[in-house]
Amino acid sequence: MRLKRLLGGLVVLGVVGAIGFWVATMPRGLPAATLAALPAGDAARGETVFWVGGCSSCHATPGAKGDARLALGGGRRLVTEFGTFVPPNISPDRDHGIGGWSAADFANAMLRGVDPAGRHLYPAFPYASYTRMKLEDVADLWAYLRTLPPVAATPGPSELRFPYAVRRGVGLWKLAFLRDGPAVSLAGADPVVLRGQYLAEGPGHCGECHTPRNLAGAMDTGRWLAGAPNPEGRGRVPNITPGGKVKDWSIEDLVYFFQTGFDPGFDAVAGSMVEVQESLAMLDDADLQAIAAYLHAVPAIAGAPQP
Amino acid sequence: MRNVPIALGALALLATAAFAADDPIAARQALMDNNGAATAVAGGILKDQIAYSPAVAKAVITSWNATAAVVGGYFPEGSADAKRSHAAPKIWEDMAGFQAALAKFQDAAFAAAKASGKDGPADKAAFAKLAQPVMQTCKGCHQDYRLEN
């Protein structure tokens, strides 16, 4: 009798737990009121957002230069400890890309990491940064993406290891880590620094590679931009706080690096930063100076990236 | 006694050769440091921070050309030392691709050296025309064949 009751209790607890998990990890898009307020979007302004975000680095054909960077057919392979991520086709092709999406679908993907089918996207797509973006910038970027050439090809699927292959797990990750506030507190900083903070922490998603991650793969804001192991497994991504590799770089040095790829010692940019730099080089001086001013303002953390 | 400087010079050369053969990582890093220093002078000229001099410009170009001609010889199999070197393992996975990327630097540097003449490029504009194609090849190789940090 007693055993039966105990077992019954356990079953009830298990069911309650399962329902709790199910509800807590449900993919949630933006509130209807927010989506209703989505502005029309301006493609010309969206081009700036596109280059800040460096969308081509992952979504264009690997090694693409010049205008080939605007053909966003996907197909790169990001080999990480969680498995291999294959960034999808985000060109306006209706069958292979996101041509069938609405602006609201795009906003949900960018700001909440939810796809139009209501599934969680993996945070290899850096919505943990994009969630800080202004709604109007997302609308502008959407308007710009609509102007790019459709690519009629579907890259292969991502291949994730267990347990990461279970998408519902991403819901827990979001509950624990997805925050749209600033990564570091620079309250009271001048407007140029704050503009740089927005660009770097939001659309620019610098922290995704330059900030070390905890065991669950979330960025450690206590060591913001202090350098990290390369997420693709080889080498280290440098510390870009004023305590790291760039500590003697002036604002002009940083801007020159973004524009040309040459550091103050005229060493040339390397690895995956090459594509990032070539996207940044498309921005105007004011935005590059803002990002540089922000890098001067973030808390200095000493030392090389931790292994 | 007059032969002392020559003997010392020969010794230094021998020492260099031995150093390069024993330690290809140190050798290629010294070459690339030299390359970076030459590029810094080129950058200073292009940014109007260093006054233009045809002889200095020629030295920059000749330095690039020398590095381009020999540096590829200092990446023997098994010299990807993660502690000391930022050379990407891809060099040895795709040696043909690495050599092709390096060849772009060699071609641009050789063309620039050939065009600089006896006295070097006459003015900054002439130098820029020769130097920029060389400087544009750096990233092409670093993107795939050197690690970020």
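A residue is called buried here if 20 or more other C-beta atoms lie within 10 Å of its own. The structure shown in these views is a predicted model.

**Figure 1. Helix α13 of chain A and the helices that surround its buried residues.** Under that criterion, the buried residues of α13(A) are Asp287(A), Leu288(A), Ala290(A), Ile291(A), Ala292(A), Ala293(A), Tyr294(A) and Leu295(A), and these residues pack against α9 (191-201), α11 (251-260) and α12 (273-280) of chain A. The helix covers residues 285-297, and because 13 residues at 1.5 Å a residue should span 18 Å, the 18 Å between its end C-alpha atoms agrees with that expectation.

**Figure 2. Ala292(A), a residue of helix α13 of chain A.** Ala292(A) counts as buried because 25 other C-beta atoms lie within 10 Å. Leaving aside residues up to four places away in sequence, Ala292(A) touches Ile251(A), Leu254(A) and Val255(A).

**Figure 3. The packing of α9(A) on α13(A).** Two packed helices are described by the angle between their axes and the distance between the axes. For α9(A) and α13(A) the angle is about 95° and the axes are 7 Å apart, which makes α9(A) roughly perpendicular to α13(A). On the α9(A) side, the residues that take part are Val192(A), Val193(A), Arg195(A), Gly196(A), Gln197(A), Leu199(A) and Ala200(A), and they meet Asp287(A), Gln289(A), Ala290(A), Ile291(A), Ala293(A), Tyr294(A) and Ala297(A) of α13(A). The residues of this contact divide into nine nonpolar, three polar and two charged.

Figure 4. Most residues other than glycine have a negative phi, and most peptide bonds are trans.

**Figure 5. Chain B and its side facing chain A.** Chain B has seven helices and zero strands, and buried residues make up 33% of its 149 residues. Among the contacts in chain B with a separation of 6 or more, 77% come from residues 24 or more positions apart. Between the chains, 15 residues of chain B are in contact with 19 residues of chain A; the elements of chain B that give two or more residues to this side are α2 (24-46) and α7 (137-145). The chain B residues on this side comprise five nonpolar, seven polar and three charged.

**Figure 6. Helix α2 of chain B.** The 23 residues of α2(B), at 1.5 Å a residue, should span 33 Å, and the 32 Å between its end C-alpha atoms agrees with this. Its buried residues are Ala27(B), Arg28(B), Asn35(B), Ala38(B), Thr39(B), Ala42(B), Gly43(B) and Ile45(B). After α2(B) comes Asp48(B), with a positive phi near 60°.

**Figure 7. Helix α7 of chain B and its packing with α5(B).** α7(B) is mostly covered, since eight of its nine residues are buried, namely Thr137(B), Cys138(B), Lys139(B), Cys141(B), His142(B), Gln143(B), Asp144(B) and Tyr145(B). What covers these buried residues includes α12 of chain A, together with α4 (90-93), α5 and α6 (124-135) of chain B. Helix α5 (residues 95-115) of chain B packs with α7(B) at an angle of about 165°, with the axes 9 Å apart, which makes α5(B) roughly antiparallel to α7(B). The crossing of α5(B) with α7(B) is left-handed. Phe98(B), Ala101(B), Leu102(B), Lys104(B), Phe105(B) and Ala108(B) of α5(B) meet Thr137(B), Gly140(B), Cys141(B), Asp144(B) and Tyr145(B) of α7(B), and the residues of this contact divide into seven nonpolar, two polar and two charged.

Methods: Residues are numbered from 1 along each chain as its sequence is written. Chains are lettered from A and ligands numbered from 1 in the order in which they are written. This is a predicted model: local features need pLDDT of at least 70, side-chain atom pairs count only at pLDDT 80 or more; totals for chains, interfaces and linings use all residues. Two residues are in contact if their C-beta atoms, placed from the backbone, lie within 7 Å. Helices (H or I, at least four residues) and strands (E, at least two) are DSSP runs, numbered from the N terminus. Ala, Val, Leu, Ile, Met, Phe, Trp, Tyr, Cys and Pro count as nonpolar, Asp, Glu, Lys and Arg as charged, and the others, Gly among them, as polar. Axes are lines fitted to C-alpha atoms, for helices over the stretch in contact, and angles run from 0 to 180 degrees between N-to-C directions. Angles under 35 degrees count as roughly parallel, over 145 as roughly antiparallel, 65 to 115 as roughly perpendicular and the rest as oblique. A crossing is left-handed if the near helix is turned anticlockwise from the far one by less than a right angle, and right-handed if clockwise. The expected span of a helix is 1.5 Å times one less than its number of residues. A residue is buried if 20 or more other C-beta atoms lie within 10 Å of its own, exposed if 12 or fewer, and partly exposed in between; C-beta atoms are placed from the backbone.
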